[in-house]
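Hello,

Here is the structure I promised to pass on to you. Please have a look at it first, and then read my notes below.

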Amino acid sequence: MNTRPFDGNGIPIDLNESSSKLYNDEYYQLLKKIINSQNLLNSSREQTKNLQKSLLYPYLEFFIRNDQNDFYKKLFFNRGLSKDQNGTLKDNLELFDLIKLRVHSDDLRADGQKIRLIHEDLNKEQGMNFISSGTTVGTNGPVNVFRSNISLSLSRLTNGNLIDWSLGKTVNEGETLFHMAPEMTNFLAFAAIGSDFLRDRGLGIKFGAKVNKGPKDSTIWQRLGPDIKQMKSFFKNQNSTKYFIASGVGLYKMFMEPRGIKKLMMKLALSAPPVYLGEKGVLMIGGGLKRLPSSITSLNQVVQSTGDFILAGNNKNAPAAPVIDMLGLTESLNVFIGVPTNPFSNEPWIKFPHPLTYTALLKSPFDLTPVENPKEGEEYLLFYVNFMTLDYVEAIIPGDFVKATKDIDNIDTALGKRNISQNGFVYSRRAEQNEGFKIREGCG
């Protein structure tokens with residue numbers, strides 16, 4: 001029986017994590033216990049820092065214990081984390097020592113991840129490969145990352161924590177429209193992980209796009225088209241809680257690009273815009289500026305241009321729906337989440353990591369020293385480690401510059417105040433070749 005939820009696509013409903021050889025590993029059991037004890041995002045920044053410090057040795061020991069071909073024993077020794085090639089870790093290691101294990105996005109293109117995996121002879125029933133958009137020119141293919149079912153089981157929990165914290169409630173009801181095709185949940189991390197979490201919580205999921213027939217040499221991106229039936233069904237639904245999940249280019253093509261007769265035909269076909277999301281509805285976006293025309297230099301342009309067409313209510317007098325912008329990278333098991341913001345607000349779109357994602361801001365591509373007290377508004381190079389990724393050491397420099405934010409304990413959002421468990425950042429730009437990078441952005 002096919003256990004995949006969306007007409008045979010996406011992450012399996014039953015991940016059967018107990019069949020993994022890692023299920024009884026002490027580190028996996030420790031993570032499960034920590035994640036299930038509370039929503040960690042309600043912790044203080046000091047508590048989060050202490051939690052991450054407490055996981056440093058168990059995390060490294062996990063890879064030594066489950067090493068294949070002694071890859072990590074050699075790596076830890078060569079990078080100065082262990083005393084010998086038997087995996088005897090040095091005393092007094094600190095979180096910033098993880099930077100010595102850094103992996104660049106380009107290192108994960110093609111088969112780059114394989115030598116780092118602790119698994120052997122895995123097949124498609126034991127996990128999934130996620131592939132980036134392949135938009136970066138001059139590289140050897142897209143970022144290609146394997147996720148085992150046991151890592152995906154943790155992702156289901158941690159990304160759920162993030163959404164619950166951002167919205168200020170446990171997400172367990174409502175309807176969702178993903179403005180993408182169900183086939184994209186087979187390889188696109190943002191689509192797969194987001195839809196998996198929401199389906200697991202019991203929400204109804206619809207997909208607003210479909211893959212049309214086309215030439216054999218065409219890509220799935222070239223054959224995407226709207227699924228009018230599914231979109232119309234979602235737009236007509238009177239549920240008080242509706243989540244509309246789209247990319248920037250999806251919003252642009254639906255609300256900004258159509259002109260004249262094309263705009264009228266779309267209105268007749270969909271009975272929209274405006275789109276009514278119910279009084280508790282939220283617009284969620286991701287994907288950055290990919291495939292948008294060059295005239296669009298910021299997602300703010302798209303959100304502000306479409307704010308009057310996506311409403312939190314069921315009539316034309318309803319207010320604009322709050323927007324949550326998410327930074328989802330193929331090479332990160334967890335998203336970096338935004339908080340609900342009025343689409344017409346000029347507040348910066350701050351992204352917050354999960355407490356099990358250690359995040360550091362580095363001085364520059366030439367000086368990978370973590371900045372202890374980064375200055376608000378200044379640019380730094382992003383680095384992070386996902387402590388919940390059990391397939392390889394996910395210590396990533398994605399090649400993105402971010403701006404530091406104010407050192408705060410809580411933040412006001414369009415849907416109420418939120419506690420801050422770890423400082424966030426504002427996405428700024430991609431690193432350039434003359435800064436020491438062969439454009440190694442997040443997931444292009």
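I started with threonine 405, which touches Ile350, Glu376, Gly424, Phe425 and Val426, leaving aside residues up to four places away in sequence; contact here means heavy atoms within 4.5 Å. Before going further, a word on the basis: this is a predicted model, in which local features need pLDDT of at least 70 and side-chain atom pairs count only at pLDDT 80 or more, while totals for chains, interfaces and linings use all residues. Residues are numbered from 1 along each chain as its sequence is written, and side-chain values use heavy atoms, with hydrogens and water left out.

Back to threonine 405: the residue sits in the loop between strand S19 (400-404) and strand S20 (410-413). Helices (H or I, at least four residues) and strands (E, at least two) are DSSP runs, numbered from the N terminus. With a relative accessible area of 14%, threonine 405 is buried; buried means under 20% relative accessible area, exposed over 50%, and partly exposed in between (1.4 Å probe, protein chains only). Its side chain reaches the backbone oxygen of glycine 424 at 3.0 Å. That is a polar contact, meaning a pair of N or O atoms within 3.5 Å; within protein, one must be able to donate a hydrogen and the other to accept it, and residues adjacent in sequence count only if both atoms are side-chain atoms.

Next, helix H4. H4 (residues 149-167) has 19 residues and reaches 27 Å from its first C-alpha to its last, close to the 27 Å expected at 1.5 Å a residue (the expected span is 1.5 Å times one less than the number of residues). Of these 19 residues, 18 are buried, so H4 is largely enclosed by the rest of the structure. Asparagine 159 belongs to this helix and is buried at 5% relative accessibility. The side chain of asparagine 159 comes to 3.2 Å from the backbone oxygen of leucine 333. Just after H4, glycine 168 takes a positive phi of about 75°.

Asparagine 16 has a positive phi near 50° and lies in the segment before helix H1 (26-37). Alanine 110 has a positive phi near 55° and is placed in the loop between strand S1 (103-104) and strand S2 (127-131).

What about the charged pairs? A search of the whole structure finds 16 salt bridges, each a side-chain nitrogen of Lys or Arg within 4 Å of a carboxyl oxygen of Asp or Glu. One of them joins arginine 65 and aspartate 25 (2.9 Å, N to O). Arginine 65 lies in helix H2 (residues 45-65) and aspartate 25 in the segment before H1, so this pair ties together parts that are 40 residues apart in sequence. Aspartate 25 is buried at 9%, whereas arginine 65 is partly exposed at 38%. Another salt bridge pairs glutamate 379 with arginine 429, their closest N and O atoms being 3.0 Å apart. Glutamate 379 is in strand S17 (residues 379-386) and arginine 429 in strand S22 (residues 425-430), 50 residues apart. There is also a network of salt bridges linking Arg156, Asp196, Arg199 and Asp200.

Best wishes
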